[in-house]
Amino acid sequence: MDAWPKHIFDSEIIPPSTRGYYKNFYEMLSTDNCCYDQVSSSREIDRKPHIQYTQKKRSMSVIVWWLVTVVLVAVHSASARVVELDWEVEYKFWWPDCKEGIVMAINGQFPGPTIDAVAGDIVIIHLTNKLSTEGVVIHWHGIRQRGTPWSDGAAGVTQCPINPGETFTYNFTVDKPGTHFYHGHYGMQRSAGLYGMMIVRSPKEKLRYDGEFNLLLSDWWHQSTHSQELALSSSPMRWIGEPQSLLINGRGQFNCSQAAYLSNEGKRQCTFRKNDQCAPETLRVRPNKVYRLRIASTTALASLNLAVEGHKLEVVEADGNYVKPFTVDDIDIYSGETYSVLLRTHSFPTKKHFISVGVRGRKPNTTQALTVLSYIDAPESARPSLPPPVTPRWDDYNRSISFSNKFFAAKGYPPPPEKSDEQLYLLNTQNLIDGHTKWAINNVSLSVTATPYIGAIRYGLNTLSYLKSPAKELVKSYDITKPPVNPTTTKSSGIYKFPMGIVVDVILQNANVLKGKISEIHPWHLHGHDFWVLGYGDGKFRPGVDEKKYNLKNPPLRNTVALYPFGWTALRFVTDNPGVWFFHCHIEPHLHMGMGVVFAEGVDRIAKMDIPDEVLAYIIIHIHKLLMGMWWIVAVAILAHTASAAVREYAWEVEYKFGWPDCKEGMVMAVNGQFPGPTIHALAGDTIVVHLTNKLATEGLVIHWHGIRQLGSPWADGAAGVTQCAISPGETFTYNFTVDKPGTHFYHGHYGMQRSAGLYGSLIIDVAKGKKEPLRYDGEFNLLLSDWWHEDVLSQEIGLSSRPMRWIGEAQSILINGRGQFNCSLAAQFSSTSLPTCTFKEGDQCAPQRLHVEPNKTYRIRLASSTALASLNFAVQGHKLVVVEADGNYITPFTTDDIDIYSGETYSVLLTTDQDPSQNYYISAGVRGRKPNTPPALTVLNYVTALSSQLPTSPPPETPRWNDFDRSKNFSKKIFAAMGSPSPPETFNERLILLNTQNLIDGFTKWAINNVSLTVPGTPYLGSVKYNLRTGFNRSSPPKDYPVDYDIMNPPRNRNTKQGNGIYVFPFNVTVDVILQNANGLNANASEIHPWHLHGHDFWVLGYGEGKFKPGVDEKTYNLKNPPLRNTVALYPYGWTALRFVTDNPGVWFFHCHIEPHLHMGMGVVFAEGLNRIGKVPDEALGCGLTKQFLMNRNNP
């Protein structure tokens, strides 16, 4: 306290009538008599206050303790230290419990770095989000954020999530000493390991000890956090189960025990190698010393008990507040709680003792976490001679409550006000909403919206429904001892609003869950405050009776408190911290399922706060839309259409679902619950309007409309970082574009590797109304081809971004319209494998969709390949295929037995049903271009004159040899433009020769173009060029050619490349030739097929060639007469492909390899053209990066 100038008490912040009072309390805090003398377990601490308080109206005594720090922060002394840190958050492979998993790491550390500060310090954290598609925030648990509520780090409450690639600065003062921690507060990212310790020291510590240790306790699942979130949100709900392990400082042991040698349970004894990430951190101590153990629980679910074998623990601090010391054998610690205990070592210098952490409050299926307290002279090889402490029985709640009742405030802490001004009775129940299990408070399950509450209040968005208050009182007739009579609840985003300076009592009331005789422990945490814990009770709270049990003399100050089964907990706080504050159960799944409320206090002051723009970017950029409502989006979309064009309008929601794409369950990205997503049917000239709502927990998303040229609407192309920002969870973005010509197309995710997760569907454009289709057929089918992995997409992304790179391997299955068979075969009778014949039940998601046809008819089969990796070959047993369309362009028809189709390509083929009508026939899609470890996908062409269930009587078509590239090239060379198609210009104005290579950057495997591996910036290129933001990307153009002496037939002599985000800029309406040049990869004799896709254009495919392109020679081989128009083209191994296009579509356009892992690893370039002709771009497309700041400055001058 000595660092603070006493003249601050003359500040206008403090009412004149109470300035003297604050000054007296300040002086008391500054003396050596405050809070503790030297702590001793045998010494009784005097709890008599140093100052006699007089109750005035709302008991002004409380204002001293609560508001003194506000003053200190507001007039922070120039002598305060600044703790400034640069952090990057990214996923890493890790071994937390001796089994590999994925953790959220900070600067490569798990748990994150420990923050060590002194009370009064300013902490500045520059947090950069290095995740692929997820937003992120960090909550500073226990820090009251006096004067900085926007730094509290609660997504949707105090800030928008930080988008991938962006940096957000947290800036706050740590106003009082204590043991704290930080953690993710978005979705269930805390469960993914986003946490670390935060220690705030006292300038003049009253506790006496010789050393200290930090123990951060957590629980760990092998199931991914995304899968857990989905399970909890499913109908019926799938409970995540108990954790596989408990961790101490991020280290635990799942498949072995440190104490197996002392047990007869048959467990394996742990052995560790040097630097094993799961090896316990030993606490090394000296004899006859006192050590402070700072303990924090960031568990997602588990309530814990900690004990040190052979040692007593003296509890001296709880949640950053000193308490009257008391001695115990062990401590219960709930999620969100922190403690300091003093441990006195013995006289024996060679002993080792187990420290145990076990589960309480839930039936334990998780073994104890163990580490070792080792005396300094104990031999390295020595082991504890006694077994670990036994964790008390999990359901001994009387023991737990008895522990909680031992807490009293330390000497010098003020008592609470004697009376409260408002009372909230919050009934905790488990309920249902449309079959989804939820937790609810007063029959309302909280749903936090995309618009942060603090911003809604700051900008006066009072029309939003979520600013209405929920109920404040219990239903008197509610029976807490039984399951709810009416299990149905409602969902709301309402909040409780309080004026400044009042005293609020909160009565947390527990109750029975949906089934059985069960009531759970709920640790409740309040942001922005400490509160007094007035007491606990059994059964239903009785107003007017149970208040008499309150401890109003010396209740402990906490920020987290346990609500015990079938009981109540009473707490009291003062609304002295203007802001919006989360109050919620700290069990991660319970909060995810709606168990929380939000308090807003000092609303009039929030409206005047100078909140940093980047906190509320979403509101500032979208404020007109928020004020006017969703109708604004629709109105703008409709006004943009011509009166004669049809408008096809869709409302889509994207969320994860459990599905069975290949008869094995996995997670898919579904659109309106469908996988693949709904098929869009339109006519050429129609306007398509898609209101896309992101219902994912933490991931952004976009959708690219593959093959649609987006003439006049480049912002609707759906390429994250190129034409738009990702759509954040909870937000709705409207795509509005015209489909200008007929063709077979599809749509897919274009952010991270979300296409691999199943975000795709068909987009079919027929000829315009009044026009005649030139093709003749009797019916049509859409076949969307894809590949499928059992490894989740997040793991794939991390593997590709790891050092050394972990290749994703071949797909487990090929899917036709989202259906395949991994563990059985439709043609088992013809196979040499041991796979059984598939049998399906009605409704099986992996059952093939048979194509039902009539004899002697012609059918159009529209094919699209959305594969992430595989090149495919498609054939129909016994039938010829007439190829008539490629990538939405008619071609000269030709007949073939099968077709090769690469990722990103589409075709139409005509099939005539001229075979034996009593039989059925296999349709196959097998892997080409890669050594196939994936069996072909199969379905059946069913003649309606044969039984639908009847399998073909002869084997399916055999996929051509995977590396017969000559066959592949011959197929490509058969494709010519249909008569009447436009011819290319005879000459080019500019030419790019793009060398495709595999390289390394600091040991990370990358794909590069002309030795530059593309990294898309956080600011969309379209926004940077539209608003001339010079620092949005590197304005130097990448190389247009590569060294003439480069040997494409061998691995690169210089294996290193560099990253870059420069783009190629072209004038409007010039002709550009692009020569794609393939080469050897990092390993000898390896060159891969790369299907390249250009957004915003069709191009002419002028030709293919072997070896190195020879300028001045190979141009003579070009087909300038009738080259096909395509938007995707194959680049074959060790060869080149030439294409030509005209820069007639102002915008910024991605050009990249359509193999998902290759693009993820940098295989792409960006073209910009006609920059001075780019029209209006909707603000909501550009609300990230530098465009976010530009739009905020423009909209909020």
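Modeller: Happy to! A disulfide here is a pair of cysteine sulfur atoms within 2.5 Å. This is a predicted model, where local features need pLDDT of at least 70, side-chain atom pairs count only at pLDDT 80 or more, and totals for chains, interfaces and linings use all residues. Residues are numbered from 1 along each chain as its sequence is written, and side-chain values use heavy atoms, with hydrogens and water left out.

Colleague: How many disulfides are there in the whole structure?

Modeller: Five. One of them joins Cys725 to Cys1184, S to S 2.0 Å.

Colleague: Which hand does the Cys725 and Cys1184 disulfide have?

Modeller: Left-handed, because the torsion about its S-S bond is about -90°. Cys725 lies in the loop between strands S37 (703–706) and S38 (732–738), and Cys1184 in the loop between strand S64 (1164–1169) and helix H14 (1185–1195), 459 residues apart. Helices (H or I, at least four residues) and strands (E, at least two) are DSSP runs, numbered from the N terminus.

Colleague: Changing topic, what is the mean pLDDT of the protein chain?

Modeller: 91, with 90% of residues at 70 or more; pLDDT is the predictor's confidence in each residue, from 0 to 100. Over residues 1–78, though, pLDDT is below 50. Where pLDDT is low, the predicted coordinates should not be read in detail.

Notes
Contact means heavy atoms within 4.5 Å.
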